[in-house]
There are 2 protein chains.
Amino acid sequence: MRLTTMTDYAMRLLMYVGAHPERLCTISEVAQAYGISETHLMKITHQLGLRGWIETVRGKNGGMRLATAPENISLGAVVRDIEHDLNLVECFAPDNSCVLSGRCRLSAIIGGALQRFLQHMDGYSLADILLDDSTAPPLRRAQAPKRPVAVPQGKAAGARKRASVKPG
Amino acid sequence: MRLTTMTDYAMRLLMYVGAHPERLCTISEVAQAYGISETHLMKITHQLGLRGWIETVRGKNGGMRLATAPENISLGAVVRDIEHDLNLVECFAPDNSCVLSGRCRLSAIIGGALQRFLQHMDGYSLADILLDDSTAPPLRRAQAPKRPVAVPQGKAAGARKRASVKPG
């Protein structure tokens with residue numbers, strides 16, 4: 001049982017951006033800071049933008065920042081939104097073919113366990129896991145990219161309308 | 001986030017064997033009843049034998065049965081034992097390379113959520129999910145295999161000593 005890389009990276013990206021409220025961050029520097037895939041981060045940035053958790057600014061000095069206060073970003077909500085597959089067992093999925101479906105009590109028990117998992121995550125927000133600069137030396141070693149930020153456009157544009165920006 | 005096929009199949013196998021306490025069951029009939037892989041079930045039978053949850057009998061009319069009462073088989077214990085990968089995020093694994101390790105509060109929060117998940121499963125045993133024959137028609141349609149049971153031998157032999165068989 002593992003969370004997908006998408007969820008793992010989404011959490012790290014939010015932690016990085018949330019730890020630098022005074023400026024825009026770029027995908028390149030986040031990728032460099034963690035040593036992870038820039039391509040994956042582009043997809044995640046797009047998703048987080050659609051959800052209204054980050055907003056992006058185009059241009060040579062563009063980048064991204066949180067679109068709301070870290071306290072407003074529930075970790076449970078991030079898992080629910082980014083973890084595309086919460087079908088813990090076959091019978092949770094639409095293409096289920098288990099012959100026990102409809103009569104099996106196991107699925108309800110596993111469903112209950114998943115709810116406990118998510119409820120625990122709901123008790124925390126991004127504010128609870130932010131690292132400030134003084135405790136995040138590897139992040140400060142990251143260099144700003146030489147090229148303009150490569151943030152996916154398209155549908156994410158809607159999320160760019162600044163709604164309730166309260167930098168932590 | 002998904003449980004592995006091994007855990008899913010282990011639960012189904014235990015449910016099937018537990019629903020037929022009056023006789024030995026074979027891997028072939030379990031595979032046929034659920035329409036799942038016999039090879040996978042052989043590996044799972046071996047694991048469940050090592051854990052002392054099932055015992056196997058060799059020979060032409062051999063097969064397997066529960067080695068203890070269904071009430072003694074905790075669903076949480078089955079998940080812990082059969083789910084070989086409970087490293088929900090990279091930093092839970094020995095080969096972790098995340099630069100935040102040791103300073104990140106997210107891992108403890110996810111670890112707490114996993115504990116909630118498992119504690120919920122600990123509250124149930126195989127007895128809570130058994131289907132009796134009257135509610136399990138597809139299982140009764142399964143045919144006994146024509147060849148002798150193909151249960152893995154080797155280390156599993158130790159588990160074959162009948163310890164406390166209390167057929168449900």
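Predicted model: local features only at pLDDT ≥ 70, side-chain atom pairs only at ≥ 80, totals over all residues.
User: Okay, why are helix 1 of chain A and helix 3 of chain A called roughly perpendicular?

Analyst: Their axes cross at roughly 75 degrees. The range for that label is 65 to 115 degrees, so the pair counts as roughly perpendicular. The axes come within 10 Å of each other.

User: Which residues make that contact between helix 1 and helix 3 of chain A?

Analyst: Helix 1 of chain A brings T5(A), M6(A), Y9(A), A10(A) and L13(A), while helix 3 of chain A brings H40(A), L41(A), I44(A), T45(A) and L48(A). Sorted by class, that's 7 nonpolar, 3 polar and no charged residues.

User: What makes Y9(A) count as buried?

Analyst: Just count neighbours. Y9(A) has 22 of them inside 10 Å, so Y9(A) counts as buried. This residue sits in helix 1 of chain A. Skipping neighbours within four places in sequence, Y9(A) touches I36(A), H40(A), L41(A) and I44(A). In chain A as a whole, buried residues make up 38% of the 168 residues.

User: How do you know that helix 1 and helix 3 of chain B are roughly perpendicular?

Analyst: Run the check on chain B: those two helices pack at about 75 degrees, with axes 10 Å apart. The label covers 65 to 115 degrees, so helix 1 and helix 3 of chain B are roughly perpendicular. In this contact, T5(B), M6(B), Y9(B), A10(B) and L13(B) of helix 1 meet H40(B), L41(B), I44(B), T45(B) and L48(B) of helix 3. Those residues divide into 7 nonpolar, 3 polar and no charged.

User: Now, between the chains: why are helix 5 of chain A and helix 5 of chain B called roughly antiparallel?

Analyst: Look at the angle again. The two helices, each covering residues 106–122, pack at about 155 degrees. Anything over 145 degrees goes by the antiparallel label, so this pair is roughly antiparallel. The axes lie 8 Å apart, and the crossing is right-handed. On the chain A side, the contact includes I109(A), G112(A) and F117(A); on the chain B side, I109(B), G112(B) and F117(B) are among the residues taking part.

User: What makes strand 1 and strand 2 of chain A a pair?

Analyst: Bridges! At least two are needed for strands to pair. Strand 1 (residues 54–57) and strand 2 (residues 63–66) of chain A have 4 bridges, and they run in the antiparallel sense. Within the pair, T56(A) stands opposite M64(A). The strands form a hairpin with 5 residues between them, and G59(A) in the turn has a positive phi of about 105 degrees.

User: How many bridges pair strand 1 and strand 2 of chain B?

Analyst: There are 4 bridges, again in the antiparallel sense. The cut-off is at least two, so strand 1 and strand 2 of chain B do count as paired. V57(B) stands opposite G63(B) of strand 2, and G59(B) in the hairpin takes a positive phi near 105 degrees.

How values were computed:
Residues numbered from 1 in each chain as written. Chains lettered and ligands numbered in written order. Axes fitted to C-alpha atoms, helices over the stretch in contact; angles between N-to-C directions. Parallel < 35°, antiparallel > 145°, perpendicular 65-115°, else oblique. Left-handed = near helix turned anticlockwise from the far one by under 90°. Contact = placed C-beta atoms within 7 Å. Buried ≥ 20, exposed ≤ 12 C-beta atoms within 10 Å, placed from the backbone. Nonpolar A, V, L, I, M, F, W, Y, C, P; charged D, E, K, R; others polar.
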